[in-house]
Amino acid sequence: MIRIKNKQYNILGGFLGWMWFALIVIPIYYIVVTSLRDQSEIYSENPLSLPKHFTFDAYGRVFANDFLRYIGNTLFVTVVTVALILLVTVMAAYAITRRADAGTRAIYKVIITGLAIPMQATIIPVYYLIIQMGLYDTLWAIILPSVGFAIPITVMILCNFLRDIPQSLFEAMEVDGATEWKIMWRLAIPMIKPAIITVSIYDALQVWNGFLFPLILTQSSTNRVITLSLWAFQGQFTVDIPGILAAVVVSVIPILTAYIIGRKQMVAGLTAGFSK
């Protein structure tokens, strides 16, 4: 650390900060620039230089390979999964925090135990369960396991937010004759809106970028999602690198837009709700 005219400069911290910034920006720059190259320039030009001839042919090939179908499938899986997660976890978290007895505490401990179970360790039982349910090679084969593995972390976050709501507010509504359903919808849910937005974005990111469940539990191209659609640009002897990276750019845009819109609420949700 260097002091110059009553100012302290952390040289090492600044250097490490710029290194971290470069590690993030350079891959993004490479992906975008390469998606605008012609296939013939991939190996003949500096990978970090600007293309000699900008072309959007790779993006044309992306949309010519049923990419809109893959986006639609991924959007359907993501929206339905997040909706089911919120439907289950909001009510579960409310019941756990409102009924602080031994039974609900035991249920909460069982749910949180799910955080210690890796997804990869259960893929074979999940596969056989999906087969027995007759859901193999359907979008529901992706949705249901995704909901199950998202419940523990979502319940934990929502419970911590609900515990921070003053008990006097619940008692005031009870005195006014409000039912538990009315208290949940009129008081609890509006008070934990930042937490709901936080878990919605977090769970949507996990589902949108999910690869294991689509790989194991689906097969046909009609049920293919974005993470598997990149295979369409890989042949037996060649790989369409601009096409793959163009598909990556297009697939990132929807979820990045959702993150930008809800980033303030997400930051608030990640930094609050854990004071008790």
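Reader: How much space lies in the largest cavity?
Author: This is a predicted model: local features need pLDDT of at least 70, side-chain atom pairs count only at pLDDT 80 or more, and totals for chains, interfaces and linings use all residues. Residues are numbered from 1 along each chain as its sequence is written, and side-chain values use heavy atoms, without hydrogens and water. A search of the whole structure finds 1 cavity of 30 Å³ or more, a cavity being a set of points on a 1 Å grid over the protein atoms alone where a 1.4 Å probe fits but cannot get out. Volume is the space filled by probe spheres set on the points, which are joined across faces, edges and corners; for the largest cavity this is about 50 Å³.

Reader: Which helix supplies the largest share of the lining of the largest cavity?
Author: Lining residues have an atom within 4 Å of a point; here they include Thr-74, Val-77, Thr-78, Val-207 and Trp-208. Helices are DSSP runs (H or I, at least four residues), numbered from the N terminus. Two of them, helix 3 and helix 9, each give at least two lining residues. The largest share, 3 residues, comes from helix 3.

Reader: How many charged residues are in that cavity lining?
Author: Asp, Glu, Lys and Arg count as charged; Ala, Val, Leu, Ile, Met, Phe, Trp, Tyr, Cys and Pro as nonpolar; the others, Gly among them, as polar. The lining has 6 nonpolar and 4 polar residues, and its charged count is none.

Reader: Which helix gives most to the lining of the largest pocket?
Author: A pocket is an open set of points with protein on both sides within 12 Å along at least five of seven lines. The largest has a volume of about 450 Å³, and of its 21 lining residues, Met-119, Ser-146, Phe-149, Ala-150 and Gln-206 are the closest to its centre. Helix 3, helix 6, helix 9 and helix 10 each supply at least two residues. The largest share, 5 residues, belongs to helix 6.

Reader: And which helix leads in the lining of the second largest pocket?
Author: That pocket holds about 200 Å³. Its lining has 9 nonpolar, 3 polar and no charged residues. Val-248, Ser-251 and Tyr-259 are among them. The largest share, 6 residues, comes from helix 12.

Reader: What is the relative accessible area of Tyr-94?
Author: Tyr-94 lies in helix 3. Its contacts (heavy atoms within 4.5 Å), leaving aside neighbours within four places in sequence, are Leu-162, Phe-170, Glu-180, Ile-183, Met-184 and Ala-188. Leu-162 is 68 residues away in sequence, yet 7.1 Å away in space, C-alpha to C-alpha. Tyr-94 is buried, with a relative accessible area of 6%.

Reader: How many salt bridges does the count come to?
Author: A salt bridge puts a side-chain nitrogen of Lys or Arg within 4 Å of a carboxyl oxygen of Asp or Glu. Arg-69 and Asp-66 form one, with the closest N and O atoms 3.9 Å apart. Arg-98, Glu-174 and Glu-180 are linked in a network. The count comes to 3.

Reader: How far apart in sequence are the parts tied together by Arg-98 and Glu-174?
Author: Their side chains meet in a salt bridge at 2.3 Å, N to O. Arg-98 lies in helix 3 (residues 67-98) and Glu-174 in helix 7 (residues 167-175), so the pair ties together parts whose separation in sequence is 76 residues.

Note on methods:
Buried < 20%, exposed > 50% of the residue type's maximum accessible area, 1.4 Å probe, protein only.
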